[in-house]
Amino acid sequence: TWHLKKIPQIVRERTFSLDSPKFEAKTKLELNSVCGIECQRKLPVPSLSDLKDLLSYETVFENGTRTLTEVNVLGAVLDPAGNTTTRRSLRKKRQIYGTDSRFSIYDKRFMTNFPFNTAVKVSTGCSGILVSPKHVLTAAHCLHNGKDYVKGSKRLRVGLMKTKSRGNGRKRKGAKRNGMPSFQWTRVKSTHIPKGWFKGVSGDIALDYDYAVLELKRPHKRKYMELGISPTIKMMPGSMIHFSGFDNDRSGQLVYRFCSISDESSDLFYQYCDAEPGSTGSGIYLRLKEPNKKKWKRKIIAVYSGHQWVDINGEQQDYNVAVRITPLKYAQICFWIHGNDENCTQG
């Protein structure tokens, strides 16, 4: 069951203008981080002043201007124990683990219906998910490498899968065949990235804040997926997560997968879902029952950050990692979507 949680408040304090970014960084779809699962567990719990700093955010507008917004955090519960589970053994793996368990979605009845039609393509080479009539959730490193915004993010666009071909039934020029999706591209009006991403990259603890929200220039008029607070592994049915994205090795195809989570820290999930670059930024979702109802509901509980190499006991090991939507991150993303915290009190 989805459990309601009281959400902390993110309150805007001051907004400053910053110099325009250079937009010269290269897009990097695979990150290197030295802080692995054991390292994450030993990280100190951020203080309230740390949280205010980490959750302050940059906004970049389509004309290239940029602002920094400082925030205050009200009602945050700082849990020194975190919500980590017991340790599980890590194995050396690759991005495709044993038999490739990904499904390419060809049938347009599925491709253009919920939940698959909430997946979008980001023009820098990543995926994302629709979270409101005008907003897309994706990974921060699809837009910024920690020092500068990536080249393609100056004229950022989002590709939504087309539901119907226009005209009198004839195939339009350039339309994809074999059930592959064609995209309707929409310009991005503004982009929000938490300051924790910039701080984290320089301090090798980047992953906790690897998320961003894009505001589209015009509403998409499609069904979107709601945000949820990520439960611990033991509160998930079969510890199973699901996500869809546009993997590079299956060009033009929507790729769906599900798998169980292997381990968790208070901010990250570690899993061995089969995924290739291009699916980075996908929204990871669960299907749980609504409280006191018989209805099931899917909600986004994490953002897929991608394939990571880490140093564990002096040995390089790898896994796929996702950034959990904690109550604080829920508050921030919800604030970006609504512009206030009135609609963000219960998660």
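This is a predicted model: local features need pLDDT of at least 70, side-chain atom pairs count only at pLDDT 80 or more; totals for chains, interfaces and linings use all residues.
Me: What makes the pair C126 and C142 a disulfide?
Reply: A disulfide is a pair of cysteine sulfur atoms within 2.5 Å. The sulfur atoms of C126 and C142 are 2.1 Å apart, and therefore the pair meets the definition. By this rule the count is one disulfide.

Me: Which parts of the chain does the link of C126 and C142 tie together?
Reply: C126 lies in strand β7 (residues 126-130), and C142 in the loop between β8 (135-138) and β9 (157-161), so the linked parts are 16 residues apart in sequence. Helices (H or I, at least four residues) and strands (E, at least two) are DSSP runs, numbered from the N terminus. The chain has five helices and 18 strands.

Me: Why is C142 called buried?
Reply: Buried means under 20% relative accessible area, exposed over 50%, and partly exposed in between (1.4 Å probe, protein chains only). C142 has a relative accessible area of 0%, so C142 is buried. C126 is also at 0% and counts as buried. Of the 347 residues of the chain, 53% count as buried.

Me: How do you know that α5 is largely enclosed?
Reply: Of the 12 residues of α5, 10 are buried, so the helix is largely enclosed by the rest of the structure. Among these buried residues are L328, Y330, F335 and W336.

Me: What span is expected of helix α5, and what span does the model give?
Reply: The expected span is 1.5 Å times one less than the number of residues. Helix α5 (residues 327-338) has 12 residues, and the distance from its first C-alpha to its last is 16 Å, close to the expected 16 Å. Just after α5, G339 has a positive phi of about 80°.

Me: Where does S279 lie, and is S279 buried or exposed?
Reply: S279 is in the loop between β15 (268-271) and β16 (283-289). Its relative accessible area is 0%, so S279 is buried.

Me: Which residues does S279 touch?
Reply: Contact means heavy atoms within 4.5 Å. Not counting residues up to four places away in sequence, S279 touches S127, F246, D247, R257 and Y304.

Notes
Residues are numbered from 1 along each chain as its sequence is written. Side-chain values use heavy atoms; hydrogens and water are left out.
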